[in-house]
Amino acid sequence: VHLLRNAVDHGLETREERLSVGKTAAGKVRLEVRREKDQVVMTVADDGRGMDPARLIESAVERKLITPGQRGSISPQQAFMLTCIPGFSTAQQITDISGRGVGMDVVRCSIQSLGGSLSIDSSVGLGTRISVQVPVTVAIIQILLVRCSSLTVGFPIVRIKRTLELRRGEITTRGKQKVFYLEGEAMPLLSLNRLLGAPSLRPSGDCIPTIVTELRGKKVGLVVDRFEGQQDVFLKPLGRPLDELRGAAGAAILGDGRVVVILDTAGLV
């Protein structure tokens, strides 16, 4: 509903603006739903003003969501995803059509908590297309179990780009940030233990278990203590007050009786 409201309120131009650029007086918003194997794909597309990647980047810099030095390294596709960062907006005023207090960051987090994903494509003057992809059965998900200190937690497989065993020699430092290179792309290396507030254990071997995932639209590596395998689990929502845990999408009971928290990467930072 929020995506439809955004398309009407922010995507479509006024009648006068449309006529001045040779468009029909009435704008069009198309809602499409289809099934692709075990996924449901929902698309909201409009023929409105579209989004300018350069303007999105400048808006993010003004709001200090990214640094000025990051301008040149952001692709148009990454610029569109900046709209999903908390606190981002290019709207000049709040209206009752698009809603108050609900941003694209909330939309994206809600989708990711279901094991889904969101993508945005836009062309200036031609319109915007936003696609949402979620599993047909959102209750049963496949997870990767990882160990962090004394904790065992789960990551939805759909949120994992890749798993690695990084060698120490593959890790370098940029300023205060540890990074590694994957297919020529530099990625920040973060400790999942530190993000969860768990004690950090120094890896005993030469290889460091690492999950490649996305945080705020950018690929990062999350260091864990060890991988514990994959499982299909029934995802249960967390009740109060556990539903306020940062980065928690829900919980599952494993076959041996253990309860594990399923992490939502979008909410970790």
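What follows is a short chat about the predicted model shown above.

Student: What does the secondary structure of the protein chain come to?
Tutor: The chain has 6 helices and 15 strands. Keep in mind that this is a predicted model.

Student: How compact is the protein chain?
Tutor: Its radius of gyration is 21 Å, close to the 18 Å that the globule rule gives for 269 residues, so the chain is as compact as a globular protein of that length. Along the principal axes, the C-alpha trace spans about 65 × 40 × 35 Å.

Student: And what share of the residues is buried?
Tutor: Buried residues make up 40% of the 269. The accessible surface of the chain comes to about 15100 Å², and 53% of that belongs to carbon and sulfur atoms.

Student: On to the open sheet. In what order do its 4 strands come?
Tutor: The order is E1-E2-E4-E3, with antiparallel pairing. The edge strands are E1 (29-36) and E3 (117-123), each of which pairs on one side only. From one strand to the next, the twist averages 15°.

Student: How many bridges are there between E1 and E2?
Tutor: There are 8 bridges between E1 and E2, which spans residues 39-46.

Student: Which residue in E2 is the bridge partner of Glu-32?
Tutor: That is Thr-43.

Student: Which strands does helix H1 touch?
Tutor: H1, residues 2-11, packs on the sheet and touches E1, E2 and E4 (127-135). The direction of H1 makes about 15° with that of E2.

Student: What about H5, which strands does that one lie across?
Tutor: H5, residues 104-113, lies across E3 and E4. Relative to E3, H5 runs at about 140°.

Student: Change of topic: H3. Which of its residues are buried?
Tutor: In H3 (residues 53-62), the buried residues are Leu-56, Ile-57, Ser-59, Ala-60 and Val-61.

Student: What do those buried residues pack against?
Tutor: They pack against helix H4, residues 76-81.

Student: What does the side chain of Asp-52 reach at the start of H3?
Tutor: One of the side-chain oxygens of Asp-52 comes to within 3.1 Å of the backbone nitrogen of Ala-54.

Student: And just after H3, which residue takes a positive phi?
Tutor: Lys-64 does, with a phi of about 60°.

Student: Last one, on contacts between residues at least 6 apart in sequence. What percentage join residues at least 24 apart?
Tutor: For the protein chain, that figure is 59%.

Notes:
Residues are numbered from 1 along each chain as its sequence is written. This is a predicted model: local features need pLDDT of at least 70, side-chain atom pairs count only at pLDDT 80 or more; totals for chains, interfaces and linings use all residues. Side-chain values use heavy atoms; hydrogens and water are left out. Two strands pair if DSSP finds at least two bridges between them. Helices (H or I, at least four residues) and strands (E, at least two) are DSSP runs, numbered from the N terminus. Axes are lines fitted to C-alpha atoms, for helices over the stretch in contact, and angles run from 0 to 180 degrees between N-to-C directions. Contact means heavy atoms within 4.5 Å. Buried means under 20% relative accessible area, exposed over 50%, partly exposed in between (1.4 Å probe, protein chains only). A polar contact is a pair of N or O atoms within 3.5 Å; within protein, one must be able to donate a hydrogen and the other to accept it, and residues adjacent in sequence count only if both atoms are side-chain atoms. The radius of gyration is taken over C-alpha atoms; the globule rule is 2.2 Å times the number of residues to the power 0.38. Accessible areas come from the Shrake-Rupley method with a 1.4 Å probe; for residues, only the protein chains shown count as cover.
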